[in-house]
Amino acid sequence: MQDVASGDVFVPFSDSQSPADVQSISWIRTVQPTGPDAMSQSVLPPAYVADLVDRVGPGPIGWAIEVAAGMAESILETIPELGVDGVVQEMRKGCEVVAVPVVRRFC
């Protein structure tokens, strides 16, 4: 399998994967966020999130938003100097821009 461009990020995925490969990643369609308000926590444009929810469903996208928030928290724990308001928001956007499209691609 080779890396191919998928939207704004590179992910190791090929449109020519076998059905067995696709079935092995179908679990991601079943994930759900732990909290009921995951979508409202997104720092991405609401129209973008709504489009992804229409394509994939609220469960996987809400889960990806929560994963991205955890990524941002982990970075802040490691580098507390980044805990400035404007920087935190941009870092959260960066984490979501990675997590959300990857989940969309694998769904």
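Student: How many residues does the chain have, and what share of them count as buried?
Tutor: There are 107 residues in the chain, and 35% of them count as buried. Keep in mind that this is a predicted model.

Student: Okay, what secondary structure does the chain have?
Tutor: You'll find four helices and two strands. Starting at the N terminus, the elements go β-β-α-α-α-α.

Student: And how much accessible surface does the chain have?
Tutor: About 6500 Å², and 58% of that belongs to carbon and sulfur atoms.

Student: What about contacts, how much comes from residues 24 or more positions apart?
Tutor: Take the contacts in the chain with a separation of 6 or more: residues 24 or more positions apart account for 67% of those.

Student: Let's go inside. How many residues are in the largest nonpolar core?
Tutor: That core has 17 residues, and Ile28, Ile61 and Val100 have the most contacts inside it. The elements giving two or more residues to this core are α2 (46-56), α3 (58-78) and α4. As background, nonpolar side chains tend to be buried together in soluble globular proteins.

Student: What does isoleucine 28 touch?
Tutor: Leaving out residues up to four places away in sequence, isoleucine 28 touches Pro60, Trp63, Val103, Phe106 and Cys107.

Student: Which residues of α3 are buried?
Tutor: In α3 the buried ones are Gly59, Pro60, Ile61, Gly62, Ala64, Ile65, Ala68 and Ala72.

Student: And what covers them?
Tutor: The cover over the buried residues of α3 includes α2 and α4.

Student: How far does α3 reach from end to end?
Tutor: From its first C-alpha to its last, α3 reaches 30 Å with 21 residues, which is close to the 30 Å expected at 1.5 Å a residue.

Student: Now α4. How many residues does that helix have, and how far does it reach?
Tutor: Helix α4 has 22 residues and reaches 32 Å from its first C-alpha to its last, close to the 32 Å expected at 1.5 Å a residue.

Student: Which α4 residues are buried?
Tutor: The buried set in α4 is Val88, Met91, Arg92, Cys95, Glu96, Ala99, Val100, Pro101, Val103 and Phe106. You've already met Val100, one of the residues with the most contacts inside the core.

Student: Switching to the outside: which residues form a nonpolar patch on the surface?
Tutor: Look for Val67, Met71 and Val98, which together have about 200 Å² of accessible area. Methionine 71 lies in helix α3, while valine 98 lies in helix α4, residues 85-106.

Student: What does methionine 71 touch, skipping residues up to four places away in sequence?
Tutor: Methionine 71 touches Cys95 and Ala99. Both of those are among the buried residues of α4.

Student: Where do aspartate 51 and arginine 55 lie?
Tutor: Both lie in helix α2, four residues apart, which is about one turn of the helix. Aspartate 51 counts as partly exposed at 32% relative accessibility, whereas arginine 55 is exposed, with a relative accessible area of 54%.

Student: And why are lysine 93 and glutamate 90 separated by about one helical turn?
Tutor: Because they're three residues apart in helix α4. Lysine 93 is partly exposed, at a relative accessible area of 32%, and glutamate 90 is partly exposed with 48%.

Technical notes. Residues are numbered from 1 along each chain as its sequence is written. This is a predicted model: local features need pLDDT of at least 70, side-chain atom pairs count only at pLDDT 80 or more; totals for chains, interfaces and linings use all residues. Side-chain values use heavy atoms; hydrogens and water are left out. Patches are made of residues with over 30% relative accessible area and no salt bridge: like charges are joined within 9 Å, nonpolar side chains (Val, Leu, Ile, Met, Phe, Trp, Tyr) within 5 Å. Accessible areas come from the Shrake-Rupley method with a 1.4 Å probe; for residues, only the protein chains shown count as cover. A salt bridge is a side-chain nitrogen of Lys or Arg within 4 Å of a carboxyl oxygen of Asp or Glu. The expected span of a helix is 1.5 Å times one less than its number of residues. Buried means under 20% relative accessible area, exposed over 50%, partly exposed in between (1.4 Å probe, protein chains only). A nonpolar core is a set of buried Ala, Val, Leu, Ile, Met, Phe, Trp, Tyr and Cys residues joined through side-chain atoms within 4.5 Å. Contact means heavy atoms within 4.5 Å.
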